[in-house]
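Let's take a friendly walk through this structure, one region at a time. Keep the 3D view open as you read.

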Amino acid sequence: MVTTYLFYFLSFLAIMFGLMVVLSKNPIHSVLYLVLCFFTIAGHYVLLNAQFLAVVHVIVYSGAIMVLFLFVIMLLNLNKETEPHKSIWLKGSAAIAAGSLLLVMVGSLKGATTIQSTNAFNPNIGLIENLGTTLFKDFLLPFEVSSILLLAAMVGAVMLGKKSIK
Amino acid sequence: MTLGYVIYKLVLAVIVFAVTLLIAMYSTYAERKVAGFLQDRLGPNRAGWFGILQPVADAVKLFMKEEVIPSVSNRTLFIVAPGLSLLTACMTGVVIPWGTSITLFGTSYSLQVTDLNIGILYLFGVVSIGVYGIMIGGWASNNKYSLLGAMRASSQMISYEVAMGISIIALIMTTGTLSVGQIAAQQQGWHWNVLVQPLGCLIFIICAFAETNRAPFDLPECEQELVGGYHTEYSSMKMGFYLFAEYINMFVSSAVISTFYFGGYNMPFVGRFIHDGNLLAILGVVFLFAKIFFGIFFFMWVRWTIPRFRYDQLMNLGWKTLIPLSILNLVLTGAWMMRHEILSVFIK
């Protein structure tokens with residue numbers, strides 16, 4: 001009962017903060033609202049009994065990625081004067097494109113049916129022991145392949161960041 | 001979930017909060033006394049007996065001072081930032097086991113507010129959020145010195161979080177749990193983790209100094225280059241909040257270091273002489289606080305002994321020394337844990 005109310009409360013907050021990200025004029029405020037939005041999503045993970053996912057979400061997204069975002073935007077010092085002016089045609093076409101995307105999304109969701117799960121759902125899958133066992137037993141190859149992907153991305157970033165390649 | 005349970009948890013949380021604030025308050029006094037001792041001076045000795053009322057006088061002074069909010073700054077964020085800093089500093093106390101459990105009227109009360117199954121990650125998450133208070137404060141001041149100080153603080157904290165995280169992974173590998181309560185319980189007697197993970201412990205302590213922005217890593221508030229760092233524009237109790245958050249962080253770091261590596265509330269030999277559970281639990285709390293106070297003294301000792309690093313030296317130490325060392329520690333720990341399997345390949 002309490003979890004239902006919490007779910008609606010968190011969903012309301014998540015949608016509100018998501019809207020504020022788009023609507024606020026100041027880019028720093030947008031980033032801070034996005035951080036708050038991530039916190040509400042972490043709250044959803046806790047409601048799903050996935051504490052590990054929730055805390056990793058906070059550490060990785062709020063603690064690392066958004067701090068770097070904030071870093072870059074603070075140093076860029078964006079304000080109204082430096083903002084590039086866009087023509088009315090560009091704005092209009094962007095509005096039409098985004099509107100048709102919304103139409104497609106609503107249309108596809110309207111005809112959707114509820115997915116019936118084939119396997120029995122284990123409510124404790126989000127706890128760290130179960131998650132670790134699943135990742136390292138059933139999904140070992142995808143897990144290792146994705147780690148190699150991350151390593152490649154890291155090496156690529158270092159290569160791009162170098163001023164001169166000897 | 002009875003009413004009594006809720007009241008007991010609330011009371012425990014309030015006690016932890018109050019003790020944290022009290023210790024942070026007297027850390028400011030201890031800092032000046034230790035500085036005086038190390039520099040052969042007297043330190044504060046006017047307010048009360050041996051200057052014992054000095055923190056109270058400081059608090060009154062900070063509250064009474066004129067509060068200046070720069071006219072061009074972002075007012076809301078400027079006010080929110082110091083509060084955020086203090087909030088994240090206070091949030092870590094809940095997962096630390098302050099003692100075993102006390103039995104009153106047939107009911108056992110654990111002295112840990114909550115034993116999360118991801119306690120270590122919770123601590124780590126709160127530490128990683130702690131950057132925001134400093135960054136927002138530095139940016140909202142609309143001052144170049146503040147912004148540079150905030151940038152330094154956050155890049156320093158992000159850099160040292162990496163080495164800290166890897167040294168914690170090695171600790172998790174040997175203990176096999178992410179719950180802080182279980183880690184403390186495993187170190188009964190002399191099974192302190194520092195004996196298992198000496199290199200990891202050293203890396204963790206160095207990173208704790210960098211995370212709390214304490215000397216020799218107090219680059220964010222380096223006076224010669226940055227005036228007052230991220231709190232240049234802050235005055236009155238808002239600046240007090242930032243300073244207070246630093247002392248709370250120091251207390252919590254000492255508590256975490258004691259719990260992870262130096263046995264927490266465990267003490268060798270005492271269990272042989274005392275068999276009363278409650279007395280043992282209270283002695284455990286006393287023992288943990290003795291370790292914490294030594295940790296705080298150690299923080300101050302280092303501050304008044306070692307000069308400040310240069311910024312490039314700080315970054316080199318973080319990225320080129322501590323991270324490779326912590327990865328080496330991780331590999332060695334893994335090799336030691338798998339030694340039978342590795343040996344059986346060669347000796348067959």
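Asn49(A) sits in the loop that links α2 (27-47) and α3 of chain A; helices here are DSSP runs of H or I with at least four residues, strands are runs of E with at least two, and both are numbered from the N terminus. This is a predicted model, in which local features need pLDDT of at least 70 and side-chain atom pairs count only at pLDDT 80 or more, while totals for chains, interfaces and linings use all residues. Residues are numbered from 1 along each chain as its sequence is written, and chains are lettered from A and ligands numbered from 1 in the order in which they are written.

Most residues other than glycine have a negative phi. Asn49(A) is partly exposed, because 14 other C-beta atoms lie within 10 Å. (With C-beta atoms placed from the backbone, 20 or more others within 10 Å make a residue buried, 12 or fewer make it exposed, and anything in between is partly exposed.)

Asp40(B) lies in the loop between α1 (3-38) and α2 (54-64) of chain B, and it is exposed, with 6 other C-beta atoms within 10 Å.

Chain A is split into domain 1 (1-79) and domain 2 (124-166), with bounds from an automatic or database domain assignment. The centres of these two domains of chain A, taken over C-alpha atoms, are 23 Å apart. Six residues of domain 1 of chain A are in contact with five residues of domain 2 of chain A, where contact means that C-beta atoms, placed from the backbone, lie within 7 Å. The domain 1 side has four nonpolar, two polar and no charged residues. (Ala, Val, Leu, Ile, Met, Phe, Trp, Tyr, Cys and Pro count as nonpolar; Asp, Glu, Lys and Arg as charged; the others, Gly among them, as polar.)

Is helix α1 of chain A buried or in the open? None of its 22 residues is buried, so α1(A) lies largely in the open.

## Where the chains meet

## A core and a hairpin

The largest nonpolar core has 97 residues, and Met135(B) and Phe251(B) are among those with the most contacts inside it. (Such a core is a set of buried Ala, Val, Leu, Ile, Met, Phe, Trp, Tyr and Cys residues joined through C-beta atoms within 7 Å.) Helix α11 (residues 236-261) of chain B gives the most to this core, with 13 residues. Beyond its neighbours within four places in sequence, Met135(B) is in contact with Val67(A), Leu70(A), Ala150(B) and Ser154(B).

Strands β1 (residues 101-104) and β2 (residues 107-110) of chain B run antiparallel, joined by four bridges; strands pair if DSSP finds at least two bridges between them. Leu104(B) has Thr107(B) as its bridge partner in β2(B). Two residues lie between the strands of this hairpin, where Phe105(B) has a positive phi near 50°.

Terms used
Two residues are in contact if their C-beta atoms, placed from the backbone, lie within 7 Å.
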